[in-house]
Amino acid sequence: MDYAAHLDTALTRLHDEGRYRTFIDIARKNGQFPHATWRRPDGTEQPVTVWCGNDYLGMGQHPVVLAAMHEAIDAVGAGSGGTRNISGTTVYHNLLEAELADLHGKEAALLFTSAYIANDATLSTLPRLFPGLIIYSDALNHASMIEGVRRNGGAKRIFRHNDVAHLRELLEADDPAAPKLIAFESVYSMDGDFGPIAKICDLAEEFGALTYIDEVHAVGMYGPRGGGVSERDRLAHRIDIINGTLAKAYGVMGGYIAASARMVDAIRSYAPGFIFTTSLPPAVAAGAAASVAHLKTDAALRDLHQQQAGILKLRLKGLGLPIVDHGSHIVPLIVGDPVHTKMMSDRLLSDHGIYVQPINFPTVPRGTERLRFTPSPVHGPREMDALVHALDRLWGQCALNRADLAG
């Protein structure tokens, strides 16, 4: 076996299909985000504006967050020292879990090192707690949810994206006595569309199923206190397990679930992804707790975020550029070809100092390759103008189709 040749073949295939992923070396500037510095492979530097980050509200540079992290690291040092059951539980972890439980109106919350791990560990553990569990999973659920469902060894059913009629058919076809769980998202990150939370909760109640919602792209940004779409729609009390992240709107790192005290205790006690993982550094937990607490009271920042997203979508539509608009803060611009998508990303960076990563298959279906923009409150009029003008010029240079504005 020529292992090196096989690796070369696999990598060449990605290059030929325009799907090879390039990591851009950037240094964010505290207090100046979304401005950053791109460090080219040749060692030279260029200023860039980041348009694809998930620090949706700029909380990664908020003084309240930074002060909490400095205070914690000065008080207790860098690492946590171990897993949660071996010296890795501190006052900072307990405070953060209390903040998160309060955020979602749940009895308890449980921290993980990322929302990916939270999804994977929880969904793969649930069949051990409920023998014979059938999980009904939306077809466009995040890879972490898919992996958790795949690894759990139990029965699974995949329903067409946001299709509650198909979900009903699947529920009706199974044993009424079997334990069931419906797993879905509140905001799907590639198209920016919303899950039909109320209708899914109705079906769950009718068929005696648990509900599991991923609010990763919604916590901090929706609802009166940032509890997500389920809080905004006054449905959080109908959700059994809420998954969220601390690495997007909250600007730090980590993931969690919020649920009943009994559910959290069971996951804490049985999930290997929690039991055998070193806990978050105390400073990270402290910064996240400060961010969660602050955003519970900063509705103005959420409003500004939605306003900026609305402005960008309106301006791109005015140019006839084919964006997807489901009313969320995510702005996908459909290019439809992996080579053109990569070329536009490269040209935006090199010619205009605008950083946005191409999104290709398998993250999105072939033919829907896109640039995904994430406007934030710290993207001002100057940054918006530069992006819109650059896209208009490049779209014309690449001879890509525009929408029929007259229609």
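User: Hi! Which strand does strand 5 (residues 134-138) pair with, and in what sense?
Analyst: Strand 5 pairs with strand 6 in the parallel sense, over five bridges. Keep in mind that this is a predicted model.

User: Got it. Which residue is the bridge partner of Tyr136 in strand 6?
Analyst: That partner is Arg157.

User: What holds strands together in general?
Analyst: Strands of a sheet pair through backbone hydrogen bonds, and the pairing is either parallel or antiparallel.

User: How many strands form the open sheet here, and in what order?
Analyst: Seven strands form the open sheet, and the order is 4-12-11-10-7-5-6. The pairing in this sheet is mixed.

User: Which ones are the edge strands?
Analyst: Strand 4 (108-112) and strand 6 (155-159) are the edges, and each of them pairs on one side only.

User: What does the twist average from one strand to the next?
Analyst: The twist averages 20 degrees from one strand to the next.

User: Nice. Which strands does helix 3 lie across?
Analyst: Helix 3 (residues 91-104) lies across strand 4, strand 11 and strand 12 (255-259). Helix 3 runs at about 125 degrees to strand 4.

User: And what about helix 9, which strands does that one lie across?
Analyst: Helix 9 (residues 261-270) lies across strand 4, strand 10 (209-214), strand 11 and strand 12. Its angle to strand 4 is about 25 degrees.

User: Changing topic: how many residues of helix 4 are buried?
Analyst: Eleven of the 15 residues in helix 4 are buried, so the helix is mostly covered.

User: Which ones are they?
Analyst: The buried residues are Ala115, Ala118, Asn119, Asp120, Ala121, Thr122, Leu123, Ser124, Thr125, Leu126 and Pro127.

User: How far apart are the end C-alpha atoms of helix 4, and what span should I expect?
Analyst: Helix 4 covers residues 115-129, and at 1.5 Å a residue its 15 residues should span 21 Å. The end C-alpha atoms are 21 Å apart, which agrees.

User: What does Ser114 do at the start of helix 4?
Analyst: A side-chain oxygen of Ser114 reaches to within 3.4 Å of the backbone nitrogen of Tyr116.

User: On to charges. How many salt bridges are there in the whole structure?
Analyst: A search of the whole structure finds 24 salt bridges. As background, side chains of opposite charge can pair when their charged atoms come close.

User: What does Asp202 form a salt bridge with?
Analyst: Asp202 pairs with Arg238, and their closest N and O atoms are 2.6 Å apart. This pair links distant parts of the chain, 36 residues apart: Asp202 is in helix 7 (residues 197-207), and Arg238 is in the loop between helix 8 (229-232) and strand 11 (241-245). Asp202 itself is partly exposed, at a relative accessible area of 41%.

User: And what is the partner of Arg315?
Analyst: Arg315 forms a salt bridge with Asp385, with 2.6 Å between the closest N and O atoms. Arg315 sits in helix 12 (residues 299-318) and Asp385 in helix 14 (residues 381-397), 70 residues apart. Both count as partly exposed: Arg315 has 28% relative accessibility, and Asp385 has 30%.

User: Where do Asp392 and Arg402 lie?
Analyst: Asp392 lies in helix 14 and Arg402 in the segment after helix 14, so the pair ties together parts that are ten residues apart in sequence. Their side chains meet in a salt bridge at 2.9 Å, N to O. Asp392 is partly exposed at 29%, and Arg402 is partly exposed at 34%.

User: Last one: which residues are linked in a network of salt bridges?
Analyst: Glu99, Asp102, Arg225 and Lys296 are linked in such a network.

Key: Residues numbered from 1 in each chain as written. Predicted model: local features only at pLDDT ≥ 70, side-chain atom pairs only at ≥ 80, totals over all residues. Heavy atoms only, no water. Helix = DSSP H or I, 4+ residues; strand = E, 2+ residues; numbered from the N terminus. Expected span 1.5 Å × (residues − 1). Buried < 20%, exposed > 50% of the residue type's maximum accessible area, 1.4 Å probe, protein only. Polar contact = N/O pair within 3.5 Å; in protein donor to acceptor, adjacent residues only side chain to side chain. Salt bridge = Lys/Arg side-chain N within 4 Å of Asp/Glu carboxyl O. Pairing = 2+ DSSP bridges. Axes fitted to C-alpha atoms, helices over the stretch in contact; angles between N-to-C directions. Contact = heavy atoms within 4.5 Å.
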